[in-house]
Amino acid sequence: MLPAETIWMPRAGKVGSYRPVTALSLIERVLLRALEVDLHSMVRPPNRSVEAFRTFQLAVLDGNPSHVVVADVTSFYHFVPHELLETRIVEMTAKPDTANAIRSALSALFSRARGLPQSFEPSNLLSELCIAPVERALLRRGVPTFRSNDDFTLGAPSWGDALRYLELLQDEVSRAGFDLNGEKSKILKTETYRSNLGLRDHIFAQAMSDVEAGAADIDPYTGEPTADPAVAVGDPVLVTAAMTAAFNTAITNQATRATGPSAGFEIRANREVIATALYYFTRIGSDAAVDACPQVVGLDPSFARQYAAYLRSIPEVDGGTRTASTASAVLSRFRGHVTPWVGTWLWSALLRADAVLDDGTVSTMTDFVQSTAPSVLRARAALILAVHGQIPSHALARLFDQTGDAGRPDLIVAASVLEPNNPSPAVLAMTETDPIWRVLFDYAVGRHGDYTWL
C-alpha cells in the first residue's frame, strides 16, 4: 500500500483554515472497511447522524445545570496515534491480528504513526475507540459528561464547578495523547447555551412568518409542509419564498463575522440554514440562489461542493454559459489564489452536456491539469475537460502515469468519453493496466452521454 495523497479542504465557517482529507483508492477503502467490519461483533459503530448530534446537544440540559462547558479536541483525526488505536482494538475485541493489520494499513497510508482518514465511515468506529475512554473517565469522576465524537458538553451546578470540570477534561484528554481546542472551549450560562441551540430555528421561523402567517409549519430539513399539503402553507411559491428569505438572512449574518463566546453557535446555525436552503433549491431545481453564489462560497469555501451540486441541478440559460460564468464569478472572489479543492468542486458543476466552457475556463483548467496540485484533483479536472472535448486522449494517458489509484477512475471515464468506440493504443494501455479499469471503462461506455452519475 502506497502513501495516499492529502487534500487540504477548507474548514466549515473559517477562511484560511483547512483540514486534511486523505484520497483513498477503491482497494484501500475496501480493505479498511473490511477490517473495521471485523470489529463489529465486539464494538458497535457510533451513531453520527444529524439527529444523534442534536440529541447530544440537548442532553446536557436534562440535569438543569447552571453552566455548560462546551469543548472539543484539536485536529482529533489528524493526531490519532496508531499505536494507541492498536492497543484499544486489542483491549476491546481481543483481535490482535486485525488490530495489527489496521495499524499497518494506516501507517502505510499516512507515512507516519498517527492519523485517520477524514470523512470516511470506518474512521468513526476507530476514532471512537480512542476518545470514548475520556468520556468514561470523567463519568467515573462524577462529571455529567455528554459526547459526540470529539465534541464534549459538561453540565455544572456553578461557575466554579464548570471551571474545574474543564480542567479535568483537559487532564483526561492530555492523558489520551490529545489536546483541547482553546478557541472552541468555553463556559456558558445555561440560558445562553439553550438560546444558542435555537438560533437556526429562529432564523427559519422569522423567514416563514415574514412570508405569510402560519408558514412556520415547514420541516427545515426538507422544505416540506408538516401540515396538510392542501393548505396554503404547502404552496411551493410560499415555501420557496420563505427558504429564500432564510437563506439571505443567514448569508447576511455570516458576513458580519460573529465574535464572542457564542460565535461558534451562530456560525453553525447560519451554515445549517444555508445548507438546508441549498438542499431545497437543488431538489426543486430553483435558481433562487444563483446570484448569491459568489458571496456564499467566498465567505465559506467549504460550500463549494454543495454549490457545485446545486448548479448542476438548475437549467442552463444564456446559451449554456451560466454555469461556467457563475463558477468563474465565485473563483474571482479569491483574488488570485484558489485552493485546489475549491476550484475542482466548482468546476465539477460543469459535468453536464448542456454547459458551455468559455476560453478562459478552458485555459485555467488546462493549466491546473498540468500543475503540481494533488493528482486526484487534476484527474477530475481532466474528466471535465474531456466531457467538453477539450483534452486529447494522449494527455490523459500521460496523466495516468502521474496519478495514484484514487484518481485513475476519473481518467478511465474521461477516456470512455473521448473514445467510446475503437479506443486508441494509448487508451487501451490505460484500461488494460488492471481488470477493474476495463470493467469501469465498459460501464462508462454503456452510459455514454449521461453524466448524472459522476
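Accessible areas here come from the Shrake-Rupley method with a 1.4 Å probe. By that method, the accessible surface of the protein is about 20,700 Å². Carbon and sulfur atoms hold 54% of that surface. The model is predicted.

**Overall build**

The protein has 20 helices and six strands. Its radius of gyration is 24 Å, close to the 22 Å that the globule rule gives for 454 residues, so the protein is as compact as a globular protein of that length. The C-alpha trace spans about 75 × 60 × 45 Å along the principal axes.

| Property of the protein | Value |
|---|---|
| Buried residues, share of the 454 residues | 51% |
| Contacts with a separation of 6 or more that join residues 24 or more positions apart | 70% |
| Carbon and sulfur share of the accessible surface | 54% |

**Charges**

The protein carries 40 positive and 50 negative charges. Their mean positions lie 5 Å apart.

Helix α12 covers residues 304-313. Which of its residues are buried? They are A304, Y307, A308, Y310 and L311. Seen down the axis of α12, these buried residues fall within an arc of 160 degrees, so they line one face of the helix. A general rule applies here. An α-helix has 3.6 residues a turn, so residues three or four places apart point the same way.

What covers the buried residues of α12? The cover includes α9 (236-255), α10 (263-284) and α11 (293-299). It also includes α13 (322-332) and α14 (340-347).

Terms used:
Residues numbered from 1 in each chain as written. Predicted model: local features only at pLDDT ≥ 70, side-chain atom pairs only at ≥ 80, totals over all residues. Heavy atoms only, no water. Helix = DSSP H or I, 4+ residues; strand = E, 2+ residues; numbered from the N terminus. Rg over C-alpha atoms; globule rule 2.2 N^0.38 Å. Buried < 20%, exposed > 50% of the residue type's maximum accessible area, 1.4 Å probe, protein only. Contact = heavy atoms within 4.5 Å. Lys, Arg positive; Asp, Glu negative; His and termini not counted. Charge placed at Lys NZ, Arg CZ, Asp CG, Glu CD. Arc of directions from axis to C-beta.
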